[in-house]
Structure formats: structure tokens, C-alpha cells
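Q: I have a model open and would like to learn how to read a few of its features. Could you walk me through them?

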Amino acid sequence: MCGLICTNYHILQEHVDLHLEESSFGQGIDRVQCSRDLELAHQLQQEEDRKRRSEESQQEMGEFQKLQRQYGLDNSGGYKQQQLRNMEIEVNRGRMHPSEFHRRKADMMESLAIGIDDGKTKTSGIIEALYRYYQNAATEVRRVWLSTEVDHFHSSFGDKGWGCGYRNFQMLLSSLLRNDAYDDCLKGMSIPCIPKIQSMIEDAWKEGFDPQGASQLNNRLQGTKAWIGACEVYTLLTSLRVKCHIVDFHKSTGPLGTHPRLFEWILNYYSSEREGSPKVVCTSKPPIYLQHQGHSRTVVGIEERKNRTLCLLIFDPGCPSREMQKLLKQDMEASNLKQLRKFVGNLKHKQYQIVAVEGVLSSEEKVARRQASQVFTAEKIP
């Protein structure tokens, strides 16, 4: 125990007892210390668990709110509120004169009251300009097919960030309204403004179309910034007795995540007779609504190149009028077409859906399609 030498047995015994007591006391302290350490560790673990659960809960709520904002379901108002808010910001930054603000506000209120788009984001005549260009230039193109004439619409202060689906519907409708075949079902229609399109989709839901899609959007679009996609465009067109169908290119069909089958499908849609036709073919086909995660665009034609590759011609509602108007110049250059051209390697989203128009429905066919939309199905490729 120690190096002490004792002169007799009693002193030795006392000394040994002292050593033993000291050792026992030390072990007791160690046990108490150990117990306290365990308790502290347990408390720290509980605190950490509470903090983690709280952070996860906040993160989940944050993600949910982000999704609500992303899909326009966060009760922050719709087209009108966003238009006014963004114009006020422009005035505050000195980029818009107050008199211009009041003039635009009055125009907007009039457009909303009558339900017709004010045409301020519209560019017309592009298909005609493309026809002229391909006749005289584009030596690398073997053949090109163009849709019927279609106006380009881009997003405005009121729908920036969420209005692409509505703008593509306006583009598609601008083509159908020029086509005599659709006179019967679209009689007297003008291009509706976005809040009017929202109310038209709500009316289609009330008729009984796509109840699942309606419930996902709380049966409400007006006064929201809710995105719409291929299903809502199909629903609206079918309620107007326009015959159309959705094709779902649900996975890649080529190398590096590409979708060559999508390009082939669009080529077949536009070109019934391939051989023997002129270089530039103005078809009687309406444009195609093209949807992928987070955005949608409008296909207005397709090029077949001399090296046999395919290239889509696409109107993007994110492209402003000043860029689209460059396509109307007599001396249009190939560089101006860059914003329209999309090759196979440019379309690499996981999934694409298209809405293709194919005629007019009878009243009976419309009823049958409404019934079929209770459980939504699309043609899948592959």
C-alpha cells in the first residue's frame, strides 16, 4: 500500500485501515462523478434530440411553404396583386413614372373587367417570317415543317415566375382562333387574360373534369399564382370541345438522358408525307404544348437537317418581345434563330409531356372524355 515501516502491529493496522477508508471514499466519489456524468450526457442527448426535431420540423414547414410559394398556393394574391406590387417597385426605383403606373393600372383593370388579354406581351407574324427565312437561307436545313400561324406571348409583371402554362395556352389558342375548323367550338372567343383562363379552368372542374387535379389545387385558381400544366390545359381545351390528347415521355429514350422518341413523335405529327414535299412546309397543324418539371413551352415546328438530325422550333414565354421581334426583320440572321432552336441534346429533363390538338369533339365525345378524366391517364412513350 505504501512504503511506511511500523514499529508495532496496532499502528500498522490503523494505518492500513486509513488506506482502505481513503480508497473506499475515492471510489464513492468516482461513482457519484460517474453518475453525474451519465446524467449530464443524457440531458445533452435529450437537448440535442429536441433541437434536431425542432430543426426538422422548421425545415419541413419551410419546404412546405416554399412549395406553396413555388406553386402559387401561399395566399399572397394572384395576377392583379403581383402586377401592382411589381409596378410599385419600378416606380420606387425610378424606372417607371407615376403617370405610367396609373395608366398601366387603368389598362389592367379594364383588361381584367372584360376578361381579354391586353396584347402588350404579344408578338405576331413570326411563322410568316420563318417561312421567308427558310425559303432564302438555312442551307444546312434539308426540310422544315411549320405550324399554322401563332402569336408569341411572354410573361408580364403580373405573372412572372409562374405564368408559363397560361401563356402557352394563349399561344395555342391564338393558332386555333385563326383556323376555320375550330369556329364552331371557339365561336366569338378572344384571347383571355390570365385571371379569365383561371376562371375557365375552374368552370371546367365544376363541370366534372379532372376532380383529382382540382382537389390538388384546392378547387381554386383565381386570386392565386398557382402553376398549371398539361392536365389543366387538356381539361380546358376538352371543356371547349377541342379534341386533344396528352403524351407522356416519362423516361429518357436515348444516350445521356436525351429524348429522341419525343423528336420523332413531333416529326410524325407535322409531316404526314415526308418525301417529295418542298423544303418549307406550312402545315395545317396547330402548335404543341410542351411541359417539363418547372416550365412549359410551345413547339411551332421542326427542322430535318442535311445530316438527318432533328431540331425543334420552340416559343418560350420567358423570352421577351424585344428578342422575338428580331425575328421579324427582313434581314434576319441565323443567330436570331438560336433562341428558338432546340436539338436533342438540349432537352434533357427526366420527363416531358405534350398536349397535341387533333380536331373538334362532338357533344357526346366531350361527355365521354369528361367521364374518362375521373381517373387521368396519358399515352406513355416508351
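**Aromatic rings and a helix pair**

A: Let's start with Y269, which is buried at a relative accessible area of 9% (buried means under 20%, exposed over 50%, partly exposed in between, with a 1.4 Å probe and protein chains only). The model is predicted, so local features need pLDDT of at least 70 and side-chain atom pairs pLDDT 80 or more, while totals for chains, interfaces and linings use all residues. Residues are numbered from 1 along each chain as its sequence is written, and side-chain values use heavy atoms, leaving out hydrogens and water.

Q: How are the rings of W265 and Y269 arranged?

A: A pair of aromatic rings is described by the distance of the centres and the angle of the planes. Rings of Phe, Tyr and Trp (its six-membered ring) pair if their centres lie within 6.5 Å; planes under 30 degrees apart are stacked, over 60 edge-to-face, the rest tilted. Here W265 and Y269 have centres 5.8 Å apart and planes at 15°, so they are stacked. Y269 and Y270, at 4.9 Å and 80°, are edge-to-face. W265, Y269 and Y270 form one aromatic cluster.

Q: At what angle do α5 and α8 pack?

A: Two packed helices are described by the angle between their axes and the distance between the axes. Helices α5 (residues 164-176) and α8 (residues 230-239) pack at about 35°, with axes 10 Å apart (axes are lines fitted to C-alpha atoms over the stretch in contact, and angles run from 0 to 180 degrees between N-to-C directions; helices are DSSP runs of H or I, at least four residues, numbered from the N terminus).

Methods. Helices (H or I, at least four residues) and strands (E, at least two) are DSSP runs, numbered from the N terminus.
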